[in-house]
Amino acid sequence: MDFRSITEFLSNKTILVTGVTGFIAKILVEKILRVQPNVKKLYLLVRPRDAQAADVRVQDEVLGMELFKVLKENLGTNFEAFMSEKISVVAGDISYENLGVTTDQMKDMYKRIDIVINVAATTKFDERYDIALGVNTLGARNVVKFAKTCANIQLLIHVSTAFVCGEKKGLIFESPYAMGETLNGVNGLDIDYEKKLAEQTLSNLKAKDLPEKEIRLMMQNLGNQRAKHYGWPNTYVFTKAMGEMLVGHFRGNLPVVIMRPTIVCSTLKEPFPGWVEGCRTIDSVAVTYGKGILSIFPIDRNMVFDLIPADMFVNSIIVAMKTHVRIPCLTIYQVGTSYRNPVTFKELHDIHYHYFTNNPWSNGEGNPVIIRKCLVLNNIQIFEIILFILLFATRMGLSDLQRTLFNFDKKLKKAMKLVNLYKPYLFFNSIFVDTNTENLIKTARENGLDEDVFNFDPLCINWKDYFINIHIPSIVKYLF
Ligand SMILES: NC(=O)c1ccc[n+]([C@@H]2O[C@H](COP(=O)([O-])OP(=O)(O)OC[C@H]3O[C@@H](n4cnc5c(N)ncnc54)[C@H](OP(=O)(O)O)[C@@H]3O)[C@@H](O)[C@H]2O)c1
């Protein structure tokens, strides 16, 4: 297979992409349009929301973003005409069986689509069970079923997450899930039953006329309970794992690639270094640290963080597309860095300390926030005991002690919220083996891949340089 022609491969292709108002899919869309202006058509499936039509959302939340500035500069006054020729916005919702698309639009799409890329998901760790099941699990099934009905379909790419492995320790391999497989050996995981359970619980709660907030909380708890029952730490990764099961189960002869990125962070290089959106996982820790909110943290300081810059992940999707198109398969790619270019919490902490000491963030009154090294606790129970003592001390009026560590109440609550949300990942001693991904880049490289444009080799990342010169300045710019 000749990888010199990778951009040619995109030429004349019609691709349906879901999730484009989100962080990752819009980087993918931008990249395809920039490297191959001769792509035939991109169907972007977007939910209309809060009375905002899907096409208005694409204008505001996709094309209007700074992410598209390079393409705008390249195309000049042709930008709008180019976009209206290449992009077709489809109002839809993957939690519906026909993706919620009108029959008219469907007719058109069925004939034209070559490739489907399902990036849509609800990424909240503690989402309501009915919603997470609807999007991450049944939504994945709906997309496969839709793809199979497209007359000229050549490939489905489904974006999952490396964290479908739950809290497994050690080396995590790129293996598929069997239908009904669980992480703790508890038998009986039946997705149809989970669907009925969520529907029934919701309708019982509604029948009781409970306030919406209470219903939400109870449905969130249900997701959490079901996830824990079968060995997953939260609703998000549990429903994503079940999504993978359904993709595998319903694919038939359709070529399917499941991409499992680890933690996707700001762009390394394209369309410019440091594009990031939405404060998630590691970024929320960095933001709270840089703002001086966080100075005590329970974590294994030697734990390896697995991060992958978003543009590198997008490159891996495009190279996987070229590799698997029209070849029946179910291939999984874990796209991360922990196996071949690991970076530990201790290293990251030193880098952040160094950065914020030299470039302190200025608070609302224009005063630089002085940060200190985090007190890192290797034990979550000790952390909880310290918090308890701090709370007790406050109640007893011993607030000086507390201030030295937390600068008090609001900050304390924020830190607690963060710790609770990420608890399963604070002592997460697993490494994501990426043999398939390594082979993908190796084969592509040996066959003429232009690595300047499509690189995703983790070995190219210099973590210190990336964090000091790209990632931290970008989160300060976009997220502080
Ligand atoms: N970001 C990461 O670090 C990371 C790491 C591992 C895996 N992933 C996976 O990568 C994918 C993209 O992540 P992201 O960070 O870009 O997520 P994101 O920013 O939260 O975006 C999610 C996208 O999915 C759309 N969506 C949600 N429910 C939908 C539905 N019912 N129908 C159609 N679209 C729907 C959202 O649309 P609305 O705007 O309408 O809500 C949004 O466009 C997800 O599958 C996620 O599991 C992400």
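Which residues line the largest cavity? The legends below start with that view, and every view shows a predicted model.

**View 1. The largest cavity and its lining residues.** Welcome to the inside of the protein: the lining is made up of Asn118, Ala120, Ala121, Val135, Asn136, Ala140, His158 and Lys240. Helix α7 (residues 129-149) supplies three residues, the largest share of this lining. Sorted by class, the lining residues are four nonpolar, three polar and one charged. The space inside the largest cavity comes to about 30 Å³. If you look through the whole structure for cavities of 30 Å³ or more, the search returns one.

**View 2. Helix α2 packed against helix α12.** Here α2 (residues 23-35) meets α12 (residues 310-324) at an angle of about 65°, and 9 Å separates the two axes. The crossing of α2 past α12 is right-handed. On the α2 side, the contact is built from Phe23, Ile24, Ile27, Leu28, Lys31 and Ile32. Facing them on α12 are Ala310, Asp311, Phe313, Val314, Asn315, Ile317 and Ile318. Count this contact by class and you get 10 nonpolar residues, one polar and two charged.

**View 3. An aromatic pair, Phe163 with Phe432.** The ring centres of Phe163 and Phe432 lie 5.3 Å apart, and because their planes stand at 80°, over the 60 degrees required, the pair counts as edge-to-face. Phe163 sits in the loop between β5 (155-159) and β6 (170-172), while Phe432 belongs to strand β15 (residues 430-432), so the pair ties together parts that are 269 residues apart in sequence.

**View 4. A cis peptide bond at Pro271.** Pro271 is found in the loop that runs between β8 (263-265) and α11 (281-290).

**View 5. Leu99 and its positive phi.** What is the phi of Leu99? The angle is about 65°, a positive value, although Leu99 is not a glycine. Look for Leu99 in the loop between β3 (87-91) and α6 (103-112).

Note on methods:
Residues are numbered from 1 along each chain as its sequence is written. This is a predicted model: local features need pLDDT of at least 70, side-chain atom pairs count only at pLDDT 80 or more; totals for chains, interfaces and linings use all residues. Side-chain values use heavy atoms; hydrogens and water are left out. Axes are lines fitted to C-alpha atoms, for helices over the stretch in contact, and angles run from 0 to 180 degrees between N-to-C directions. Helices (H or I, at least four residues) and strands (E, at least two) are DSSP runs, numbered from the N terminus. A crossing is left-handed if the near helix is turned anticlockwise from the far one by less than a right angle, and right-handed if clockwise. Contact means heavy atoms within 4.5 Å. Ala, Val, Leu, Ile, Met, Phe, Trp, Tyr, Cys and Pro count as nonpolar, Asp, Glu, Lys and Arg as charged, and the others, Gly among them, as polar. On a 1 Å grid over the protein atoms alone, a cavity is a set of points where a 1.4 Å probe fits but cannot get out, and a pocket is an open set with protein on both sides within 12 Å along at least five of seven lines; lining residues have an atom within 4 Å of a point. Grid points are joined across faces, edges and corners, and a volume is the space filled by probe spheres set on the points. Rings of Phe, Tyr and Trp (its six-membered ring) pair if their centres lie within 6.5 Å; planes under 30 degrees apart count as stacked, over 60 as edge-to-face and the rest as tilted.
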